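Subject: Structure handover

Hi,

Here is the structure I promised to pass on. Please open it next to this email as you read.

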Amino acid sequence: MATADVIAANRLTKRFGDFTAVDAITFNVARGEIFGFLGANGAGKSTAMRMLCGLSTPTSGSGTVAGYDIATQSELVKRHIGYMSQKFSLYGQLTVRQNIALFAGIYGLKSKEIKERCQALAESLDFTKEMDMPVAILPLGQQQKLSFSVATIHNPDIVFLDEPTGGVDPITRRQFWEMIYKKAEEGTTVFVTTHYMDEAEYCGRVSIMVDGRIQALGTPSELKQEYHARNMDEVFRRLARKAQRQ
Amino acid sequence: MIGCAIHITNVSKAFGTVKALDGISLEVNRGEIYGLLGPDGAGKTTLFRILTTLLLPDSGSATVCGFDTVREYTDIRRAAGYMPGRFSLYPDLSVEENLEFFASLFGVKVSDNFDMVAPIYNQLAPFKTRKAGKLSGGMKQKLALCCALIHRPEILFLDEPTTGVDAVSRSEFWDILTHIRQSGMPIFVSTPYMDEASRCDRISLINSGRILETGTLDEILHRNSMPLLAVKGENNYHTLLALRKVEGVKTAFLSGEYIHVFTEEAFEPATLSAIEGVREVKVIAPDIEDVFIKIMGNGNS
Amino acid sequence: MRNSFTAFIHKEILHIIRDPRTMLIALLIPVVQMVLFGFAISMEVNDVEVLAAAPEITPAVEAKVSQIAHNPYITFKGYIATEDVDRAIAANEAMAVVVFSRDYGRSGEAQVVVDASNPVTAQTSAGYLTQILNGTRSASAPGITILYNPQLKSAYNFVPGIMGLIFMLICAMLTSVSIVREKETGTMEILLVSPIRPVMIVIAKMIPYLMLSCIDLALILFISKYALALPLSGSLAALVVTSLVYIILALALGLFVSTIVDTQMAALLVSGMVFIIPVIMLSGMMFPIENMPLPLQWISNIVPARWYIPAMRKIMVEGLGFGYIYPELIVLSLMAIALIAVSVKRFKIRLQ
């Protein structure tokens, strides 16, 4: 079922001079899957993700995202993905509605569609008076939920989440993951990078990168069993301690 | 008041109309690691800044090592070691130069107090000529800790020291704190990560500027024990929606690989096993995150 | 705390020498500006191309034309017919045409026709020609003696202006950015939560930039004397003292900015808009203050460079000493004292 894979990476490699940041990683992510992409600082996560988003060309190896080649069709790749990070913020001075319209417009939605999406989002996020408030004055958790909604407003095939829920309160966090599950259920593939292992437990499958290579890949239960660990934190620490890089 | 490193009485602080802290009271004893757990925006940093004399409280009072944070702020500035939330070293100075600078800021020599930082600094020693800006997240954090310790403070304030650092470095960092604690130095530390509660001697849960709970982790878990079911389904999203329709289920929410379900007292767990797609149902003890959610929920309603 | 103060200065010096941009601004820009304004960008008018038109070339005309042709700033291009004057100017054949009347030398007149598409060049060219033409006239025309800068060299005018600009740039801009950077990166929190006194933080921040400014002062004076051949005939003591007061004033301005803004970008913008532009526009560096509308003249009084630059001109170009610049020196000193007082008072011992 190769065609069902939304991400297919085949010996994907990125070198900077003598330094191999990403070393021949191979993995596939299926449609609607929630895939956790873990690794210590400097393990090569961000470099790998930048390649998958079409922002950086692989030194060797190949990959497709949403069916498009990441090296030769990066513009098409960009059009079919969504991206959200904790650092990437919405425009604080603009209202919720203006932010939605702005990003929907960037992704080429028509004004009628934009109106509909605004309506739908207001309902799903339970925003009423918030729609016309500047984003900056909303609580952080609500900003993050909005940020996720905006990143997926064009119904991308895949959404990349870069440490999405760091620092939010536990209730918001669980609501946030519920949104992610819902989106995945609707067919959007979710690709999450994080170094918070409790976030990894929410993922369908996780990969753990050490020194530019994927050292482990499987469902959280499988990995915990394989490494005789109580939780993902232990699995991760056992693997990441072997890292040579500084 | 011997043995009391920090004493906070009814401290409030507002920024404009936003109440950052609303009547906070707590006590930190000598020789303990005291954790302030709460999400971003809960008021942790504001409390740290009041204790480290960077901000004035609107009302209430606080002492650190017996000194009043408002009147005797110069004494506190001499006594406290502080690591602010953001990376706060000079990126263009080397590891060595940063440490020397922060030592001389307090009028001490690195060599006089090297024993304070030796176990940590020795890990950094191979990179001592490297610019601080080029260090990895975990190393920056260790260097920042060295810089906060080099003047042999009487108390250590660490504001979200582990934010943005990977799991291995985080764990190592907590090992270091446990080691420092043996010298009797009180450590007041904040974190948004609930799983770090187990590394603290005592904790306070904070949200929206209010303390929700205080005590040891076990005390808090014990005080808030309640029946909790963990359910795992074929497809957790479908199962979650199904569970919410079951009579007797109070709340159901995702928690990692499982769905945590709070039920009415007399609920029979087997009812859930019968739902289509449910693979596993077990009774578990709530963890600190569950407790936080429960207390937060009470506060809201 | 003997140790911590010197350690702080040492740290600041490290910041400066490790940041190529700061070094570039501090050391390269003064040199580049001196060279640019001294040589390349010039308000002097050289090689004015001049034609002569006369109905008949009498000995009187010939004598005058030969005087014109010998002037070092003028290139004489020949005679044309009187009816060709407009066409020659339109065709850019010459900057100016001297038109002699038929009986020039006895009762007739000469007229200068100038291409004024660039008013500055036109005015100067006309000036050159009028001077030559007047030379032979009767004593009724006033004789013009140009003092201090007989060749009207623009470097004389610009060097004081550049000094006013450079010190503002280095002191106000770099100091404010460097203090605000500590706020932005969070290091200010640690500095405040240490026993070092906030005043000491401020002074330690200023000293390296003061040193840097002194280096620049020496550099500018060196280039002025040896490359631009300025006379520098005035009192060196007055020059150094006035410059130091101006530098300290600029440092205080930088400090003041750092107490009102929280980001490096804002510091840069405020220093640029509020300090650098007035130095250029309102100090008399480019445009004479006397020609400004009255309200702008009032505003110019609060621009420090408006006092510093004229003082420097008096010393460097006119060769004067303390006796002639004390009004400027007093104004600058008062401004400096007031600003330091306000800034130190505003510099917070806490975050809020």
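First, a caution. This is a predicted model.

**How the chains meet**

Two pairs of chains are in contact, and chains A and B share the most contacts. Chain A and chain C have no contact between them. Their closest C-alpha atoms lie 16 Å apart.

Start with A and B. The contact takes 30 residues from chain A and 26 residues from chain B. On the chain A side, four helices each supply at least two residues: helix 6 (170–185), helix 7 (197–200), helix 8 (220–226) and helix 9 (232–240). Helix 6 of chain A gives the most, with eight residues. By class, this side of chain A has 14 nonpolar, six polar and 10 charged residues.

Now B and C. Here 24 residues come from chain B and 22 residues from chain C. On the chain B side, the elements giving two or more residues are helix 2 (73–79), strand 6 (80–83) and helix 3 (95–105). Helix 3 of chain B has the largest share, four residues. The side of chain B that touches chain C divides into 12 nonpolar, six polar and six charged residues.

**Chain B**

Chain B has 301 residues, and buried residues make up 50% of them. It holds 10 helices and 14 strands. Its C-alpha atoms fill a box of roughly 70 × 45 × 35 Å along the principal axes.

**Chain C**

Chain C is also divided into domains. Domain 1 is made of two segments, 2–41 and 153–346, while domain 2 covers 48–135. The centres of these two domains of chain C, over C-alpha atoms, are separated by 46 Å.

**A sheet in chain A**

Chain A has an open sheet of four strands, in the order 2-1-4-5, with antiparallel pairing. Strand 2 (19–30) and strand 5 (68–69) of chain A are the edge strands, and each pairs on one side only. As background, strands of a sheet pair through backbone hydrogen bonds.

How many bridges join strand 1 of chain A and strand 2 of chain A? Eight, in the antiparallel sense. One residue pair to look up is A:Asp5, whose bridge partner in strand 2 of chain A is A:Ala30. The hairpin of strand 1 and strand 2 of chain A has two residues between the strands. In that hairpin, A:Gly17 takes a positive phi near 65°.

A:Val65 has A:Tyr68 in strand 5 of chain A as its bridge partner.

Helix 1 (residues 45–52) of chain A lies across strand 1 (5–16), strand 2 and strand 4 of chain A. Helix 1 of chain A runs at about 125° to strand 1 of chain A.

Best wishes

Key:
Residues are numbered from 1 along each chain as its sequence is written. Chains are lettered from A and ligands numbered from 1 in the order in which they are written. This is a predicted model: local features need pLDDT of at least 70, side-chain atom pairs count only at pLDDT 80 or more; totals for chains, interfaces and linings use all residues. A residue is buried if 20 or more other C-beta atoms lie within 10 Å of its own, exposed if 12 or fewer, and partly exposed in between; C-beta atoms are placed from the backbone. Two residues are in contact if their C-beta atoms, placed from the backbone, lie within 7 Å. Two strands pair if DSSP finds at least two bridges between them. Axes are lines fitted to C-alpha atoms, for helices over the stretch in contact, and angles run from 0 to 180 degrees between N-to-C directions. Domain bounds come from an automatic or database domain assignment. Ala, Val, Leu, Ile, Met, Phe, Trp, Tyr, Cys and Pro count as nonpolar, Asp, Glu, Lys and Arg as charged, and the others, Gly among them, as polar.
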